[in-house]
Amino acid sequence: GEANSDEGFPMTRPQYACAFGQMIEGWRKAWNSPSLPFGFVQLSSWTGNWGFDQMPCVANYCPVISRIRLAQADVVGQAGPPSASERGAPIPGAPSFPLSNTFMAVAYDQGDNQQHGVHSRFKSEPARRLALQLIHTAFGSSTPFSGPLPLSAHHATSTASGVSSKSTAGAISVRVVVSHSSMLRLNDTHTCNEQFEKKCCAAGASGFGARICTAAVPADCAITADGKTVFDANVTIDSPTSILVTASATAESSSSASFVEFGVTDFPQCSVVNELGIAMGPFILPVE
């Protein structure tokens, strides 16, 4: 995936998901085992490769490696539906996602600093995450195996159960309902601990790679935060089964949120983990 992010042979999100899915199915065909369990580690993070090919890259938004992370998550159905601007024309031979018996270990929170590159020193934790999912997928274990997974996003009111169609004055809030949510908490990533003095989860919006978009056209969300339609956002634990993504609104924006993003940056500094200590992966969800 590294060479497909910005150098070598760059791919769009749909192109990578299609090619990766075809590779998995091709190996299964070659082994004459169509249900062969297949696990992989999602791309980690790296603080030394920002902003190639004139892609927007600011302190809280860098869609280079993170674009391929979303494509990898598409294969297992964990990134939310690709927006209309990303789908493009149907790709011939594209597999149907999520692929069965296929699982992914999130690893951006185990990323390393610039000195060590994208191949992190912290390999034991992604291996543990793969092992838990393998035991579940291949052997039917009923023990907990997954990090938090996003299910849906809704306009949020001030109450934990309320849903409204408008943002509150001075803020836009989106509630994201998640599964595998036992003991949700915020947790600094390795990148934060080595580069940013272990204060990322307390630093608010700068640490999450979270954004809220109010634009009616999905393509208009693929820009840096402009303070009018795209807003950097903070994340808090809202309930035992949800997180709250909140951005400061402006007088220029009276619209409701249309999309919410989490972790869509090359170097997330704060993660959301559950009782297993497994991080929630990056996603983009339409707001209902």
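**Ground rules.** I am working with a predicted model, where local features need pLDDT of at least 70, side-chain atom pairs count only at pLDDT 80 or more, and totals for chains, interfaces and linings use all residues. Residues are numbered from 1 along each chain as its sequence is written, and side-chain values use heavy atoms, with hydrogens and water left out.

**Backbone.** I reminded myself that most peptide bonds are trans and most residues other than glycine have a negative phi. I found a cis peptide bond from F97 to P98, with omega near 0 degrees. P98 sits in the loop between helix 3 (84–87) and strand 2 (102–105); helices (H or I, at least four residues) and strands (E, at least two) are DSSP runs, numbered from the N terminus. N101 is in the loop between helix 3 and strand 2, and its phi is positive, near 55 degrees. I also noted M183, with a positive phi of about 60 degrees, in the loop between strand 4 (171–179) and strand 5 (185–188).

**Rings.** How many aromatic pairs does a search of the whole structure find? I got 6, where rings of Phe, Tyr and Trp (its six-membered ring) pair if their centres lie within 6.5 Å; planes under 30 degrees apart count as stacked, over 60 as edge-to-face and the rest as tilted. W27 and F38 form a tilted pair, 5.8 Å centre to centre with 40 degrees between the planes. This pair links W27 in helix 1 (residues 13–30) to F38 in strand 1 (residues 38–41), 11 residues apart.
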